[in-house]
Amino acid sequence: MDNILTNIELLTTLAPTINLELIANGLLVGAIFALIAYGMALVWGVMDIINVAQGAFVILGGYVSFYFVNAMAQVAPNTPGILWIVVSMPIAAAAVALFSLIVFKLVIERILDRDLFISLLATFGIELVMQQAMNQIFTAEERVIDAHLPTFAFLDYMVNIPGSRLLGAVLGIVAAVGIVALVRYSRFGRAIRATAQNPRAARIMGIDTNRVYAMTFALNGAICGIAGSIVAFVYVLHPFQGLVYTLRSFAIVILAGIGNIAGVIFAALGLGVYENYSGFVLGPEFQDGMVFIIVPITLLVRAWIMRRKRQYLK
Amino acid sequence: MAKTSPMQWIAALAFLAVAIAAPFFMPNNMSQLVDLMVFILIALSWDMLGGQMGYNSFGNILFFGIGMYLVASTQVWMGGYELAEYNSAKGGNLESFTVTAPIFVQSLIIGLLAAAILNFVIGLIVGSQLLQTRGHYFAVGTLGLGVAAGEFAGTMDFLGGGSGMNFIQPPDGVNLTQLLYFLGLGVVAIFFVFLTWLHRTRFGFVMNAIRDNEDKAEAMGLPTGRVKTFAWAIAAAFAAIAGGLYGAGKNFIDPTEVAFSLPTVGVWMLLMPLMGGKGTLWGPILGAVMFQLFKEFFWTYLFGWQRVALGLLIVIIVVFFPNGLMGGLKAISSRLSGKSGKGEAA
């Protein structure tokens with residue numbers, strides 16, 4: 001209890017510049033969360049499936065990127081590491097997209113018209129298979145790509161921002177802009193949006209909705225792959241970390257509402273800041289717990305607001 | 001649920017007879033039998049909401065874990081020791097904390113009762129809030145709650161922190177697994193009779209009405225909110241007892257790997273009713289038996305890959321056999337009766 005009070009005192013009176021550092025770092029990681037949550041919202045909105053395996057896809061992308069960068073560092077030791085990190089992003093995206101497509105063909109396609117419990121439990125099963133298989137194949141050791149980037153210090157070393165976070169946020173934003181543009185302006189994106197609005201009407205207009213579902217799921221895989229390759233050098237990779245990303249995305253999507261891109265971005269940035277603050281004030285061992293607990297809390301707040309309108313969260 | 005047929009009585013008595021005889025025929029598999037009783041309990045308790053009421057909780061592991069910690073703590077308290085002192089001695093001289101046989105047995109039973117009562121209250125409080133959400137939202141909200149509980153339990157130093165807590169060692173003269181097995185069997189029998197009765201009461205019918213169409217049930221003036229909350233509280237009490245028995249059998253609590261372990265027990269408790277047949281009285285029991293056989297098989301023959309196999313089992317069951325064994329039996333029997341005549345409609 002005492003150290004919590006000291007931490008609060010530190011933030012409010014002793015060293016208020018720490019606030020700047022927490023907010024800046026939070027916003028930077030929030031950009032990555034936004035990317036992952038956007039993928040989840042896409043699948044949720046189009047196919048009415050909550051992909052519990054979302055986090056496992058992210059981690060898988062991270063491992064692809066990790067092994068690619070390591071291999072390249074041995075093949076060509078004199079090239080800068082950042083180059084290979086950037087090159088690894090599309091590779092991870094393609095790998096996870098392909099994997100998603102296989103998962104779609106084997107499992108998701110068969111449960112599209114079943115009730116929500118079935119799809120939740122099935123994707124949860126996929127999450128378990130993936131995390132355990134990754135644990136067997138890649139071992140439980142924590143992996144991280146060292147980007148060899150300096151930490152930028154501002155205001156007399158009071159505000160420190162790791163270069164890797166900065167790079168991660170920039171790459172994440174570039175990828176997000178590309179994906180949002182794809183969904184908004186391409187023919188394929190129009191088919192996705194039409195299917196999300198009304199699958200039956202879309203079928204009548206000649207859209208192969210089953211193909212749209214498959215491509216949407218693959219697109220989500222690509223998003224997760226990109227996010228994973230960013231996570232690999234900003235955070236650490238561990239086979240069991242997936243569920244944290246799933247629950248983060250879920251919290252963001254319920255906060256924002258499905259189909260609300262601006263909302264997803266704001267909620268993700270807010271979550272990043274919230275996480276950094278709770279980690280700082282309560283101590284790092286509380287950070288994961290505080291992420292998990294935000295899910296029921298946001299639900300309760302939203303349920304409470306809706307109850308006043310005599311509606312329910314369904 | 002229809003009138004209990006003589007067949008069901010015979011089945012129940014036969015099951016009970018086999019269960020009582022089992023420890024004498026399989027003395028080397030006692031810990032697996034204890035697990036089986038725990039699994040039947042949590043499968044039945046999960047099915048109260050998931051199967052009968054249509055609220056698929058992914059977070060009943062919350063009560064399971066709290067119950068486990070509570071039973072362990074009660075045993076330490078009733079042994080006359082300080083909890084913090086006991087847990088800080090971990091890794092060193094834990095053997096010096098001993099209790100006599102009568103106190104050990106009493107504290108176990110009182111601990112289980114206390115866990116049931118406390119989790120009933122927690123179920124009421126949490127349920128009254130969280131049960132206002134439905135569908136996906138309820139499922140993932142409870143999931144968040146369950147895993148968060150494990151993380152927070154790991155930060156509490158007086159409960160042993162992230163490295164967990166040991167149960168007090170059973171003194172000489174106490175056959176722990178046999179004690180746990182028969183306690184578990186007793187609770188299973190009570191719970192089964194209780195559920196059989198409950199599903200014939202108005203309360204049980206309201207639960208089924210909520211599953212079929214909650215809006216209509218509410219429009220008919222049924223007390224849906226109260227029924228939902230009390231049903232979850234009852235399920236919570238039995239899940240807590242199951243947790244206490246499981247922890248005592250394992251003799252060790254790890255906050256995220258044993259007590260609040262969503263990837264293992266937390267999802268098994270959903271899988272078992274699904275394997276046997278959701279929303280039936282016998283489905284969860286048969287599912288638990290089948291699941292335990294699968295699990296032991298995987299653990300024995302698939303070294304290292306058993307958890308992968310278990311995950312695949314989940315996916316396969318969910319995708320291909322969502323109606324479970326009871327659903328399959330029902331389909332067969334209706335096909336048979338459909339062929340044999342028309343008088344069987346009742």
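Predicted model: local features only at pLDDT ≥ 70, side-chain atom pairs only at ≥ 80, totals over all residues.
## Nonpolar core

The largest nonpolar core holds 211 residues. Those that touch the most other members are Ala37(A), Ile252(A) and Val264(A), together with Met37(B), Leu41(B) and Ile241(B). Helix 2 of chain A, residues 17-47, gives the most to this core, with 17 residues.

Ile241(B) has contacts with Leu41(B), Gly67(B), Leu112(B), Ala115(B), Ala116(B) and Val187(B), leaving aside residues up to four places away in sequence.

## Helices 2 and 7 of chain B

Helix 2 (residues 30-50) and helix 7 (residues 176-198) of chain B have axes that come within 9 Å and cross at roughly 25 degrees. An angle under 35 degrees counts as roughly parallel, so helix 2 of chain B is roughly parallel to helix 7 of chain B. Their crossing is left-handed.

On the side of helix 2 of chain B, the contact is made by Met30(B), Ser31(B), Leu33(B), Val34(B), Met37(B), Val38(B), Ile40(B), Leu41(B) and Leu44(B). Helix 7 of chain B contributes Thr177(B), Gln178(B), Leu180(B), Tyr181(B), Gly184(B), Leu185(B), Val187(B), Val188(B), Phe191(B) and Leu195(B). By class, 15 residues of this contact are nonpolar and 4 are polar, with no charged residues. Met37(B) and Leu41(B), both in the helix 2 part of the contact, are also among the core residues that touch the most other members.

## Helices 8 and 10 of chain B

The axes of helix 8 (residues 202-212) and helix 10 (residues 224-250) of chain B are 10 Å apart, and the helices pack at an angle of about 105 degrees. Helix 8 and helix 10 of chain B are therefore roughly perpendicular to each other.

In this pair, Phe203(B), Val206(B), Met207(B) and Ile210(B) of helix 8 meet Thr224(B), Val227(B), Lys228(B) and Ala231(B) of helix 10. The contact consists of 6 nonpolar residues, 1 polar and 1 charged.

## Contact between the chains

Chain B has 33 residues in contact with 36 residues of chain A. On the chain B side, the elements giving two or more residues are helix 5 (101-130), helix 6 (135-153), helix 12 (262-276) and helix 14 (306-320). Helix 6 of chain B supplies the largest share, 12 residues. The side of chain B that touches chain A comprises 19 nonpolar, 11 polar and 3 charged residues.

How values were computed: Residues numbered from 1 in each chain as written. Chains lettered and ligands numbered in written order. Core = buried A, V, L, I, M, F, W, Y, C linked by C-beta atoms within 7 Å. Buried ≥ 20, exposed ≤ 12 C-beta atoms within 10 Å, placed from the backbone. Helix = DSSP H or I, 4+ residues; strand = E, 2+ residues; numbered from the N terminus. Contact = placed C-beta atoms within 7 Å. Axes fitted to C-alpha atoms, helices over the stretch in contact; angles between N-to-C directions. Parallel < 35°, antiparallel > 145°, perpendicular 65-115°, else oblique. Left-handed = near helix turned anticlockwise from the far one by under 90°. Nonpolar A, V, L, I, M, F, W, Y, C, P; charged D, E, K, R; others polar.
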